[in-house]
Amino acid sequence: MESSNLFLLMLALGACAFYIGRGRSLAIASPLGGVRHLHSLPNYYGLNALLWCALPSMGLLILWLVLDEPVINSIVMGALPAELVPSTKADFNLLLNKISNLADGIMSADGQPAFMVAAAESMAGLRVISQWVLTAICLILATIGLYWGWRRVAAEYRARQSVERVMENLLLACACLAIFTTVGIVFSVLFESIQFFRSVPFFDFVFGSDWSPQTAIREDQVGSSGSFGAVPLFVGTLLISAVAMFVAVPIGLMSAIYLAEYSSKSVRTYAKPALEVLAGVPTVVYGFFAALTVAPFLRDLGADFGLTISSESALAAGLVMGVMIIPFISSLADDVITAVPQAMRDGSLAMGATHSETVRKVVIPAALPGIVAGIMLAISRAIGETMIVVMAAGLAAKLTANPLESVTTVTVQIVTLLTGDQEFDSPKTLAAFALGLMLFTVTLLLNIFALHIVKKYREQYE
Amino acid sequence: MKQAKAAAKSATDTKSNPKQNLEVDTTQATVGNRFCENPKMSMRDVNVFYGDKQAIYDVSVDIAKNEVIAMIGPSGCGKSTFLRSLNRMNDTVDGCKVEGEVLLDGHNIYQQNLDVVELRARVGMVFQKPNPFPKSIFENIAYGPKIHGLADSRVDLDEIVEGSLKKAGLWEEVKERLHQPGTGLSGGQQQRLCIARAIAVSPEVILMDEPCSALDPIATARIEELIEELSQNFTIAIVTHSMQQAARVSHRTAYFHLGKLIEVNPTEQVFTMPEHQLTEAYITGRFG
Ligand SMILES: Nc1ncnc2c1ncn2[C@@H]1O[C@H](COP(=O)(O)OP(=O)(O)O)[C@@H](O)[C@H]1O
Ligand SMILES: [Mg+2]
């Protein structure tokens, strides 16, 4: 049976288990004189049976689906005569792919070597067997679970607690899954980066001030050795983020203060969602707005004042990015400001403070941890933003602090490194992972810093 | 205390001397001694509305200088509403409208161009739940003097802070930790901090809205002592849900019922021989 059908079947079995368990508990309850003589409510007995029926079999299903392909592959490849198995990893994978395609029927068997056709046949056979075995085991497990869940229904059985425990573990499992995924991503980036640092020294990368990631495709090509100094990229990132925060923090914060403290209810009901719509505009739209409207406008404006502003400038990208980030700051700040208890404001007003004094001296300080957290989130967002910069800030890796020039950022370079034809293990491609790792580290440090600040003010203000 | 008793007495006297009562509208429902000579605050025909809903009906009463007046009544009868109309804290409530006159030293606080900021500096307020600012103890007290420019130098400010904390009976407990957060104090200490904070701007009247309802009995006793001491320098209006507390701290007691002021009389009289049957019903616990 197909795995998806099997999954649905087991859901159905689970539902049956629920009704059977519940029904049995009701049957037990009625001679005793009602549901209140059971330890738990009938639904809990039902749920308990459902969990017994569905959890083990689903777990097995998932595990099987993850493991069956590698197992079958290794059986098939292991059965090949040793002299036919390629020695390099790449060739080995190629062969495996071909066999697998043959087995799927995607590739025609005409003209393929006989050993491959044979391997493909055995692979297809194994797959069918595996699917049947899986179906059988799952159904058996589910039935046993159902029976077990049904058996355990008894007036004094603590179904409620048992469900509680399972729920707790399920939640834990989900939390772990999220964490492991993150850890997995970090490690994969880390390993690729280590490979990159084999060909480019770590310090040249972190402190080098020249970025021109050309590598030779042919050995005899000119300019065959690129240079991978990441400093210009990080300076570019910093520059654009700084411009963006320069726009977003004051505007975001002040609009939040207006919304939370001064606006009437009717203004607020419309203005707040309207601001949040800004967050929903796709960044690519911001990007062409920056490239086609803001950048030329700035260039012409600069020309009127005798300034040369390049048509792709950090300023244009930063300004638009700032606008994009405003809703992050305003929305979060608005929430924390509204969350400051009215008692604080009353206390201040009753001392004879004006509204604006109250806002400045009591409300904002009380909301500060939340505001800082919001700003840090916005900075992380600015650092990670790619689209606007690709379109509006250019690709030139210049080491400059002048926002009127064109710069490039870490994320933009990652994109350019990975798009286009490249060997996967060339330093040029691997550099993307190293950049990603560094970016991740910087954002992580920022977040830790933010948490620290928040905690510090918490201690002071609560 | 003595002084305050005298004030209460003068209130009693006005009753026996009808001449001074001439301009008073006798059709009012309120019984007892509502008025006195040279009142610190006097309310005339105060009506308070929340939108269309009326919360206070035609309340007229005087508060003598250095008097402690307690306001009691079942919850929801409008005690807080009335108290908050005495320093215009109701202005901050959307849709709240106050009619009638509230005179502070003979001047109507609801007149058009009155400076609310100055008014609230003269009529301070302590709230039901202690609400220290999330700042240090020192900054909590210094807040008012700073915004009103009461201190010319750091030394001045230090003096004001120390003086206020001493008057609030908190100095000894916190003098070592002035720069730690005020929110780290116990509930009772926090409430005394709030009282100190109110005192720091040298108000003339202090309004207290159930200042002890969130506190344990020992902290409550301390605040009650404090109220007695404070009455030497300040005029105090206190809302309380505890009749024992009203009996202990106040000179006169006002009984509110469904937004109306039913009876105002010297505290002893209210608790021993209430004039109005509603008051009697309340203090004997028939409702509340
Ligand atoms: N902000 C408000 N908006 C509308 N009605 C209110 C508001 N505050 C109080 N009220 C109403 O006014 C009446 C008096 O309330 P309040 O003064 O708080 O009573 P008390 O302090 O005596 O318990 C109550 O009926 C209450 O529901
Ligand atoms: Mg109240």
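1. In this predicted model, the C-alpha centres of the two domains of chain A, domain 1 and domain 2, are 47 Å apart. The domain assignment places domain 1 at residues 3-157 and domain 2 at 227-461.

2. Do have a look at the aromatic side chains: counted over all chains, there are 16 aromatic pairs. One of them joins B:Tyr255 and B:Tyr282, with 5.1 Å from centre to centre and 35° between the planes, which makes it a tilted pair. Its partners come from distant parts of the chain, 27 residues apart: B:Tyr255 belongs to strand β10 (residues 252-257) and B:Tyr282 to helix α11 (residues 277-283), both of chain B. Both tyrosines, B:Tyr255 and B:Tyr282, are buried.

3. In chain A, ring pairs connect a cluster made up of A:Phe196, A:Phe197, A:Phe202, A:Phe203, A:Phe205, A:Phe207, A:Trp211 and A:Phe228.

4. Two contacts between a charge and a ring in chain B are worth a glance. B:Arg197 places its charged end over the ring of B:Phe133, 4.2 Å from the ring's centre. B:Lys260 lies over the face of B:Tyr57, with 4.9 Å to the ring centre.

5. Finally, the largest pocket holds about 720 Å³ of space. It is lined by 18 residues, and those closest to its centre are A:Ala260, A:Glu261, A:Gln342, B:Thr92 and B:Asp94. Which element gives the most to this lining? That is α7 of chain A, with 4 residues. By class, the lining has 7 polar, 6 charged and 5 nonpolar residues.

How values were computed
Residues numbered from 1 in each chain as written. Chains lettered and ligands numbered in written order. Predicted model: local features only at pLDDT ≥ 70, side-chain atom pairs only at ≥ 80, totals over all residues. Heavy atoms only, no water. Domains from an automatic or database assignment. Phe/Tyr/Trp six-rings, centres within 6.5 Å; stacked < 30°, edge-to-face > 60°. Helix = DSSP H or I, 4+ residues; strand = E, 2+ residues; numbered from the N terminus. Buried < 20%, exposed > 50% of the residue type's maximum accessible area, 1.4 Å probe, protein only. Lys NZ or Arg CZ within 6 Å of the ring centre and 35° of its normal. 1 Å grid on protein atoms, 1.4 Å probe; cavity = no way out; pocket = protein on both sides within 12 Å on 5 of 7 lines; lining within 4 Å. Points joined across faces, edges and corners; volume = space filled by probe spheres on them. Nonpolar A, V, L, I, M, F, W, Y, C, P; charged D, E, K, R; others polar.
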